[in-house]
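Here is a short briefing to read alongside the structure. Keep the view open and find each residue as it comes up.

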Amino acid sequence: MPGDLEKRIVDCMRPLFGEFAATAFAQQKAKLKLGEGAAPEDYLPLVEEIRTMCDQVAGPAVAEKIYTGLVAIVRERP
Amino acid sequence: MIENVEELKPAHPPIPRIRSYVKNLDAQMEGGIPEGSIVLVCGRPGSMKSSLTYSMLHMQAVKEGRRSVYITLEQGRASLGRHLNHIGLQPDSTDKVAIVDLSALRKSMGDKAPGENVNWLQAIVDQVGSYKDLLGCEILAMDSMSALYSLHEFDNPRRELFHFFEGMRDLGLTVFLISEMYDPEKDIFARYEVEDFLADGVIHLKVDRSEGQSNLYLGVVKMRETRHNRNYFPLIVDPEGFEVVTD
């Protein structure tokens, strides 16, 4: 499940981050020490960090768009 | 009574154009830049390439509601924003121009982070395609070609740049590529001297530093599908915006 969730998060980041999406995700994941057994809710702080990154890269309007997509992915129940 | 409606149609329908909103300039090129063109905006350091280009995107957003993306590969978003505010353009006053700061990503992740063999020219074309979908933009500016070249390792510049320009063209956007000129003696508009052939238009900003003064001139060197004036006009910028002096 985390693998699938992570893939979907990276896919959601890709429109803004392009080639950097996977690296940016891995960087944030390491920073927050998210391990193998992480539950979907554990990814919410990571989503907040990604929102901050999006804001730095493209401003609040774009950050909000990506953030909304990411929150929907993390909160979606299987 | 009109017998044949076909007779009323002009031989060629008018070409949709993007107005520059540089005062007096659009009148020198049949009303503006043909939509879908790829235009090099060239000049030496300090010739206001970035400011002029951003101004065109900003005015298109404010006056016509067109969305655009300004990709900066070297100057940070905050620094660019401060500079634009200083010359009277307020990037925060519209949400229709997205300034995408890829320099921030380069800084935090390193240029080689995504992989050893990234084709940066293709990656940027793909990225712009994503921005078109994500942001619904019609106009793109990329600042600068030199910064892009510093990322990409060329084997055959002529061939690779041909595919880069064609990839950009296929996206159907009007594209401004900012190009830095280095040789003070010659008008070489871009590093590989092929970009001006591949582009549909070339706008040259020239700084004349003589007699203790520094004056700026703008010339439309090339604009396909357009009868344009080839003169260089003094370019001024004031709180009202950019203006070329034509009389």
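How many bridges join β6(B) to strand β7 of chain B, and in which sense do the two run? There are 5 bridges, and the strands run parallel. This is a predicted model.

**Strand β6 of chain B**

- Strand β6 of chain B covers residues 139-143.
- The strand is mostly covered, with 5 of its 5 residues buried.
- B:Ile139, B:Ala141 and B:Asp143 point one way from β6(B).
- B:Leu140 and B:Met142 point the other way.
- Residues on both sides of β6(B) are buried, B:Asp143 included.

**The neighbours of β6(B)**

- Strand β7 of chain B spans residues 174-180.
- In β7(B), B:Thr174 stands opposite B:Ile139.
- Strand β4 of chain B, residues 68-72, also pairs with β6(B).
- That pairing is parallel too, over 5 bridges.
- Within it, B:Ile71 has B:Met142 as its bridge partner in β6(B).

**Where chain A meets chain B**

- On chain A, 19 residues are in contact with 21 residues of chain B.
- The two chains bury about 1,600 Å² between them.
- Carbon and sulfur atoms account for 70% of that area.
- A:Glu19, A:Phe20 and A:Val57 supply 39% of the area that chain A buries against chain B.
- Polar contacts do cross the interface: 6 residue pairs make them, with both residues at pLDDT 80 or more.

**The side of chain A that touches chain B**

- Four helices of chain A each give two or more residues to this side: α1 (2-17), α2 (21-31), α3 (44-58) and α4 (60-75).
- Which element gives the largest share? It is α3(A), with 5 residues.
- By type, this side divides into 10 nonpolar, 5 polar and 4 charged residues.

**A buried glutamate in chain A**

- A:Glu6 sits in helix α1 of chain A.
- Is A:Glu6 buried or exposed? A:Glu6 counts as buried because its relative accessible area is 15%, and the cut-off is under 20%.
- Which side chain makes a polar contact with the side chain of A:Glu6? It is that of A:Lys29, at 2.9 Å.
- Leaving out residues up to four places away in sequence, A:Glu6 touches A:Phe25, A:Lys29 and A:Tyr43.

**Backbone details in chain B**

- The peptide bond from B:Asp143 to B:Ser144 is cis.
- Its omega is near 10°.
- B:Asp143 belongs to β6(B), while B:Ser144 is in the loop between β6 and α5 (145-151) of chain B.
- B:Glu193 is not a glycine, yet its phi is positive, at about 60°.
- B:Glu193 is found in the loop between β7 and α7 (195-198) of chain B.
- With a relative accessible area of 47%, B:Glu193 is partly exposed.
- B:Glu225 also has a positive phi, near 60°, and is a residue other than glycine.
- B:Glu225 lies in the loop between β9 (213-223) and β10 (232-238) of chain B.
- B:Glu225 counts as exposed because its relative accessible area is 57%, and the cut-off is over 50%.

Definitions and conventions: Residues are numbered from 1 along each chain as its sequence is written. Chains are lettered from A and ligands numbered from 1 in the order in which they are written. Side-chain values use heavy atoms; hydrogens and water are left out. Contact means heavy atoms within 4.5 Å. Buried area is the accessible area (1.4 Å probe) that two parts lose on being put together, summed over both. A polar contact is a pair of N or O atoms within 3.5 Å; within protein, one must be able to donate a hydrogen and the other to accept it, and residues adjacent in sequence count only if both atoms are side-chain atoms. Ala, Val, Leu, Ile, Met, Phe, Trp, Tyr, Cys and Pro count as nonpolar, Asp, Glu, Lys and Arg as charged, and the others, Gly among them, as polar. Buried means under 20% relative accessible area, exposed over 50%, partly exposed in between (1.4 Å probe, protein chains only). Two strands pair if DSSP finds at least two bridges between them.
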